[in-house]
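Subject: Structure for your review

Dear colleague,

Please find below the sequence and structure that I am handing over to you. A summary of what was found follows directly after it.

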Amino acid sequence: MTLSAGWYLRRLSRMEPREVGGRVGDAVRRQRWRSERPHCPPVSGARFTATLPAETIAAIPPDAAKRLVAEADRLMAGHVTYFGVDRDDLADPDWWSDPKTGRRAPWDYAFDVPYRDEDAVGDVKQIWELSRHQYLTVLAAAYAVTGDERYAERVAEHLRSWWAANPPLRGVHWISGIELGIRLLSWVWVRRLLDGWSGARGLFEDDPAALHQIWHHQRWLAAFPSRGSSANNHVIAEAAGQLAAACAFGWFPESARWRDDALRSLERHLRANTYVSGLNRELATEYHGLVLELGLAAVAEADAAGVPVPATVRPVLLRMTDALAAVVDNRLRPPRQGDADDGHGLVVDGAGTDRWGSLLATGDAVFGRLDWWPKVTGTDVRTPLLAALLRPYGQPGTAQAVARPESRPAHFADAGMTILRGPEEIWCRCDGGPHGFLSIAAHAHADALSVEVRHDGVDVLADPGTFCYHGQPEWRQYFRSTLGHNTLQLDGADQSVSGGPFLWTRHARSRVLIAETGTGSDGTTARWCAEHDGYQDATHRRKVELTDARRELKVVDEVRGPRRSVRLAFHLGPAVAVDLVDSRAVLTWTRDGEDRSAVLDLPEELSWRAHRGESEPPLGWYSPGFGRKEPATTLIGTASAGAGSVDGVREFTTVLTFRG
């Protein structure tokens, strides 16, 4: 996708003067660097001292180690899957090739590469993902667990291949700071996990190519930080990678300055990206996970190097961990809110390891679990590795204990997220928060007042997900649209106005009016009510009630203002089958071999149709992960302007009743 002049004007309009000045400076620097060819300063006597304590590897649970080795063997056989695309070329990869489109990125000066243009480059996410080198951390971890040098030798072969094929400032891998930051973090862990291998020193400290790459990566990150309206998860990844490398590979004259600057950036932006409640300000759950992983990994490097961490950093990571524990359902699945691109900060585990359980296990090891936390039954490799480096903080019952929630939070006022919980594992997320983070709200969806409902971890009323970023604009638009969420649309318009695939030029403003989250076996009802102004001269207000005794969720939509056409959408999870007759839908699904069902009584004032797997235009889809989509049923109710209007107020009531 090639961006138009109009996009650049819209993007510029969302910047403050200071950001504009910084970007002008970046542009000048890019031009100057085009002809500059600085060399890594001489390094002598470099030693890697940020090793794991003795017995750390022995603490890895056997089943987690087994999954890790199975994944490593698949990688050794040349197989890997990224974003729904299976690759079988991993034995000898082409670092610039996109297996999805068959295109190969040009070998130009980095800042000349049109990475957003899929016709010229291919799917840049496919190209970038392999070069995050997180599959190499898996192979290095397999070596650490087994001592099998085949894994170490493959890591060395691929690193040397990548370093030779990607000289500084040439090609697609020198464009985006988040890619450089995550890659540096991977290299640190590769070196650490290969420490017992005889070739580790020759691969890093004694290899001029490695030193050259490490120095240039850090020089790049110091020169081109994400700025202003782009200072979201990207700047956290940049700071984390820079800090990790400056601590573990502190062999250069600039290392101390790079380390100190990275620490300041990490401290500032972790606070800026996190609500006081602990939820991530992007209101995109997977980025909450990414930022938490990056923050923990960065602090682990500082602790391993004996570098003092600013006093405000650990409390933010603690709040993020408690918030994650609060919002997951009974199967440890968090909300599917906002954008999601399957991004991870540090990967050392095999397939089948639960990401969110792993984060909570690490939180338990570092911060200590609270009594209300959900139980984590799975195991992972990453937790014992990080816990061996991280200094415990704020654990209950210790002298360092800090104030933490005494009971499980359900309403996060600053983020506008409310979780209603009912009997037999009914879970409902209500969205009444800000549209997104910063002026562009890059990873937001037009989902004001949407609900997401699960029963025992199964998506019943689902958030359809994200699917894609670049290259398929009609799908990008659908998955982030108002119609693509469980909420109400007026006159076929989105509540917020999009100016591009990562740009919103007008943001709907929501406010929560009621958040009564207490429920119990005595038949009490949890209530939530919120409204938004996204349609300017019309107000959409939604009330949600979850009644325990009846196992019933009621959703009442009110529209006040000029008469407009209405579309009300309910997206069912992919496991849910539906039988729709008039305004009643019978929903059925299976969980752990047991048949489950519910009845969805829809507003009779609307005309209802079921849609599934439609492409022109897109409707009736669910994305289980980035780059993947599968058909799922969407129920759409429509009414012409004014239908159901009483004194200028239209009201539509939906009732979801779970059967025994």
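Helix α10 (residues 208-223) packs with α11 at an angle of about 140 degrees, and their axes are 10 Å apart. The two helices, α10 and α11, are therefore oblique to each other, since roughly antiparallel would require an angle over 145 degrees. In passing α11, α10 makes a left-handed crossing. On the α10 side the contact involves Gln-218, Leu-221 and Ala-222, which meet Glu-238, Gln-242, Ala-245 and Ala-246 of α11. By class, the residues in this contact of α10 with α11 are four nonpolar, two polar and one charged. Please note that the model is a predicted one.

Helix α11 (residues 233-248) also has a contact with helix α13 (residues 285-305): the axes come within 9 Å and cross at roughly 20 degrees. That angle makes α11 roughly parallel to α13, because angles under 35 degrees count as such. The crossing of α11 past α13 is left-handed. From α11, the contact draws on Asn-233, Ile-236, Ala-237, Ala-240, Leu-243, Ala-244, Cys-247 and Ala-248. From α13, the contributing residues are Tyr-287, Leu-290, Val-291, Leu-294, Ala-298, Glu-301, Ala-302 and Ala-305. Sorted by class, the contact of α11 with α13 comprises 14 nonpolar residues, one polar and one charged.

Gln-126 is located in helix α5 (residues 124-130). Is Gln-126 buried or exposed? Its relative accessible area is 0%, so Gln-126 is buried. Leaving aside residues up to four places away in sequence, Gln-126 touches Tyr-82, Phe-83, Val-85, Arg-87, Asp-98, Pro-99 and Lys-100.

Turning to the protein as a whole, there are 17 helices and 26 strands. The radius of gyration is 25 Å, close to the 26 Å given by the globule rule for 660 residues, so the protein is as compact as a globular protein of that length. Taken along the principal axes, the C-alpha atoms fill a box of roughly 80 × 55 × 45 Å. Of the 660 residues, 59% count as buried. Among the contacts in the protein with a separation of 6 or more, 71% are accounted for by residues 24 or more positions apart.

With kind regards

How values were computed: Residues are numbered from 1 along each chain as its sequence is written. This is a predicted model: local features need pLDDT of at least 70, side-chain atom pairs count only at pLDDT 80 or more; totals for chains, interfaces and linings use all residues. Side-chain values use heavy atoms; hydrogens and water are left out. Axes are lines fitted to C-alpha atoms, for helices over the stretch in contact, and angles run from 0 to 180 degrees between N-to-C directions. Helices (H or I, at least four residues) and strands (E, at least two) are DSSP runs, numbered from the N terminus. Angles under 35 degrees count as roughly parallel, over 145 as roughly antiparallel, 65 to 115 as roughly perpendicular and the rest as oblique. A crossing is left-handed if the near helix is turned anticlockwise from the far one by less than a right angle, and right-handed if clockwise. Contact means heavy atoms within 4.5 Å. Ala, Val, Leu, Ile, Met, Phe, Trp, Tyr, Cys and Pro count as nonpolar, Asp, Glu, Lys and Arg as charged, and the others, Gly among them, as polar. The radius of gyration is taken over C-alpha atoms; the globule rule is 2.2 Å times the number of residues to the power 0.38. Buried means under 20% relative accessible area, exposed over 50%, partly exposed in between (1.4 Å probe, protein chains only).
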